[in-house]
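Subject: Model handover

Hello,

Here is the structure for your files. My notes on it follow below.

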Amino acid sequence: MHAGTTTGTTVPQRRVSRLANNYSPLPVRAESARGVWVTDASGSRFLDMLSAYSAMNFGHGNPTLLAAAHDQLAAMTLISRAYDHTGMERYAAALSDLAGKDMMVPMNTGAEAVETAVKVARKWAYEVKGVRENRAEIIVASGNFHGRTTTVVGFSDDPDARNGFGPFTPGFVTVAYGDAAALEAAITPDTAAVLLEPVQGEAGVIIPDAGYLPAVRRICDEQGVLFLADEIQSGLGRTGETFACDHVAVTPDVYILGKALGGGIVPASAVVADSDVLGVLRPGQHGSTFGGNPLACRIGTAVVDLLKTGEYQERARTLGALLRDELAPLVGRGLVSVRTIGLWAGIDVDPSLATGRTVCEELARRGVLAKDTHGSTVRLSPPLVIEPSELSWGVAQLADVLRALA
Ligand SMILES: *Cc1c(COP(=O)(O)O)cnc(C)c1O
């Protein structure tokens with residue numbers, strides 16, 4: 001089955017599977033991973049240019065995070081929120097401080113954190129803003145991706161995500177991403193919040209104009225509407241700042257975090273905000289069996305410690321400049337456009353050449369793992385621990401694939 005090379009090659013996919021068919025993975029079967037390299041059962045190595053959609057920002061098997069996890073595994077892993085544990089307040093303070101907010105709610109997956117933010121925004125609208133009962137509206141953007149729960153897919157405009165899963169939760173209004181005037185026009189006295197990704201990841205690393213988020217901030221302030229920033233993929237170092245909102249000096253009312261927060265070891269997500277917002281939650285009104293478990297708190301605290309040094313943000317900036325410079329010459333040579341922010345790129349493959357999927361399959365054959373999104377777009381988001389030479393090698397494989405397809 002294997003060509004015997006040490007880098008790349010793929011395995012044929014199984015035809016009959018006991019696994020539900022809700023993914024179509026690339027034909028690679030990983031067995032182990034360290035740093036930026038993934039190894040399959042035959043010993044072939046692949047450069048991970050996806051990082052589990054930025055959940056693996058700090059690299060596979062990051063020694064600091066693994067040590068924290070091992071330590072905590074031996075001490076205590078789950079106690080439930082029925083009791084407190086010694087790591088809980090420390091984690092809450094560390095993450096809240098990182099975001100410059102008063103407090104946080106720990107959850108597990110990103111979609112759960114989005115659901116939490118929606119619940120909090122609605123309750124805030126009724127209790128603080130005075131919106132009429134059951135009338136609260138949340139404005140979302142076209143092209144959004146906020147997860148896969150029924151409420152969340154109900155306000156997606158991706159037919160694959162949405163079709164066949166109704167009826168949906170009411171109370172969401174969609175406006176064009178990047179259009180502050182459209183957003184302002186959609187606000188009514190019942191508007192509780194605006195929910196946005198500061199950079200749209202799943203849509204293909206869509207970076208709004210520099211004026212957009214500041215305009216959203218101003219409009220929300222003027223109209224008494226909460227700004228909920230879904231930084232699940234964009235946050236925690238990926239873009240070269242702790243939060244993508246930092247690039248334009250915007251502070252949202254609510255940060256929604258996930259993915260890298262669990263260090264690539266456990267699912268960990270959180271909603272972080274000031275007490276005038278999160279204070280609406282009282283005992284019994286929201287919760288999660290696993291949210292804030294000791295293992296996740298310990299790892300999350302270690303993740304915050306890594307980010308406090310600024311080292312990873314700096315790496316994302318420096319390596320991101322390299323990625324941008326090395327991708328630029330490929331525009332017109334197989335790529336029609338490239339968008340980058342920090343160590344994060346959306347590249348649009350010339351559709352007359354190949355689909356994004358074909359490019360990813362060819363990359364895998366050459367030992368590079370990346371993921372297509374929406375037809376001809378490929379997203380690149382390697383772990384922030386990648387070395388410049390590894391990054392250059394990965395981009396060289398892309399150039400090679402594009403040459404071969406031309
Ligand atoms: C991945 C993602 C989510 C959902 O996170 P899950 O952990 O998969 O539920 C939500 N919002 C954004 C921006 C994401 O990238």
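Two strands count as paired if DSSP finds at least two bridges between them. Helices (H or I, at least four residues) and strands (E, at least two) are DSSP runs, numbered from the N terminus. This is a predicted model, in which local features need pLDDT of at least 70 and side-chain atom pairs count only at pLDDT 80 or more, while totals for chains, interfaces and linings use all residues. Residues are numbered from 1 along each chain as its sequence is written, and side-chain values use heavy atoms, with hydrogens and water left out.

The hairpin

Strands β1 and β2 (residues 37-40) form a hairpin with 2 residues between the strands, and G35 has a positive phi there, near 60°. The pairing of β1 with β2 is antiparallel and runs over 4 bridges. Within this pairing, S32 stands opposite T39 of β2.

Four strands make an open sheet in the order β11-β12-β15-β14, with antiparallel pairing. Its edge strands, β11 (335-340) and β14 (371-373), each pair on one side only. From one strand to the next, the twist averages 25°; here and below, axes are lines fitted to C-alpha atoms, for helices over the stretch in contact, and angles run from 0 to 180 degrees between N-to-C directions. Strands β14 and β15 (residues 377-380) run antiparallel and are joined by 3 bridges. The bridge partner of T373 in β15 is T377.

Helix α10

How far does α10 reach from its first C-alpha to its last? Helix α10 (residues 294-308) has 15 residues and reaches 21 Å, close to the 21 Å expected at 1.5 Å a residue; the expected span is 1.5 Å times one less than the number of residues. Because 12 of its 15 residues are buried, α10 is largely enclosed by the rest of the structure. Among the buried residues are P294, C297, G300, V304 and L307. Their cover includes α2 (63-75), α3 (88-99) and α11 (311-327). T301 also belongs to α10 and is buried, with a relative accessible area of 9%. Leaving aside neighbours within four places in sequence, T301 is in contact (heavy atoms within 4.5 Å) with Y91 and A94. After α10 comes G310, with a positive phi near 80°.

Helices α11 and α13

The axes of α11 and helix α13 (residues 388-405) are 10 Å apart, and the two helices pack at an angle of about 25°. That makes α11 roughly parallel to α13, given that angles under 35 degrees count as roughly parallel, over 145 as roughly antiparallel, 65 to 115 as roughly perpendicular and the rest as oblique. From α11, the residues making the contact are L319, L322, L323, E326 and L327; from α13, they are P388, L391, S392, V395 and L398.

E115

Which helix holds E115? E115 lies in α4 (residues 110-129). E115 is partly exposed, with a relative accessible area of 21%. Leaving aside neighbours within four places in sequence, E115 is in contact with T149, T151 and V152. The C-alpha atoms of E115 and V271 are separated by 9.8 Å, although these residues are 156 apart along the chain.

Regards

Terms used: Buried means under 20% relative accessible area, exposed over 50%, partly exposed in between (1.4 Å probe, protein chains only).
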